Amino acid sequence: MIIAGNFKANHTRASTAEYLSALDSLSDQKKEEDSIVIFPPFTALDNYNLKNIKIGAQNGYPAEKGSYTGEICLEALSEFDIDTILIGHSERRHILKEPQDFIVRKYEFFKRNNFNIFYCVGEPIEIRQKGIESVMNYIDKQLENIDVGYQNLVIAYEPVWAIGTGLTASVEDIEEVHKAIRERVETPILYGGSVNASNAADILNSSFVDGVLVGGASLVAEEFYKIIKASANIS
Ligand code: PEP
């Protein structure tokens, strides 16, 4: 399983360091084959000495370096040996209005640089209400021109209406969408959308689920560790 935490614009450099040190120690008991990935804010990127946790970037501009005010490029990420990135998160698609062709450019750039890419897809509520066919048509558009055969790809299925809302897709809905995505890709498929310590076990035990991407419930190390424990069946 892959258990990933996205801090978004939460945590400072100091609190991230404290968090990582606490979570890294707790995670000594994690299952060997489970991977833990944390996406902190850029100001908290550093050369952490962690045994159990991998650090990723929440975003990146598709260039080595250059005149891209407010962005972060490959050179700056490489300083901290970052080789994992989130692309296509719904907050970047919807709040920051990133269009699909730009997302594809990012994907191609970071693929060329051998990054592990966590590529997010997911439908808004009005599409969900139309049923599974509309959901998959929507997701297919988000997969257009994305090389789904890329070996370092992880897909995160995150219904927009479930992100940060406390609403979680039902296990049946998750399985239905993941099964349909599984017909299109061979890479791991994570679920994201209000995953927390109470619902993690059910979601992680669902068919076609290879892990979770967690926002809000990843912010406190001890809470996030409960999700890691749910994956490892540790009581
Ligand atoms: C996310 O940001 O990817 C996410 C799933 O957030 P939350 O867990 O808060 O819904």
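Modeller: Glu 108 is partly exposed, at 26% relative accessibility (buried means under 20% relative accessible area, exposed over 50%, partly exposed in between, with a 1.4 Å probe and protein chains only). This is a predicted model, where local features need pLDDT of at least 70, side-chain atom pairs count only at pLDDT 80 or more, and totals for chains, interfaces and linings use all residues. Residues are numbered from 1 along each chain as its sequence is written, and side-chain values use heavy atoms, without hydrogens and water.

The side chain of Glu 108 meets that of Lys 111 in a salt bridge, 3.7 Å from N to O (a side-chain nitrogen of Lys or Arg within 4 Å of a carboxyl oxygen of Asp or Glu). Both residues belong to helix H4, residues 100–112, and sit 3 residues apart, about one turn of the helix (helices are DSSP runs of H or I with at least four residues, strands runs of E with at least two, numbered from the N terminus). An α-helix has 3.6 residues a turn, so residues three or four places apart point the same way.

Helix H9 holds another such pair, Glu 223 and Lys 226, 3 residues apart. Their closest N and O atoms are 2.7 Å apart. Glu 223 is partly exposed at 35%, and Lys 226 is partly exposed at 39%. Elsewhere, salt bridges with shared partners join Asp 24, Asp 28 and Lys 51 into one network.

Glu 98, by contrast, is buried at 9%; its salt bridge is with Arg 92, at 2.6 Å from N to O. The structure holds 15 salt bridges.
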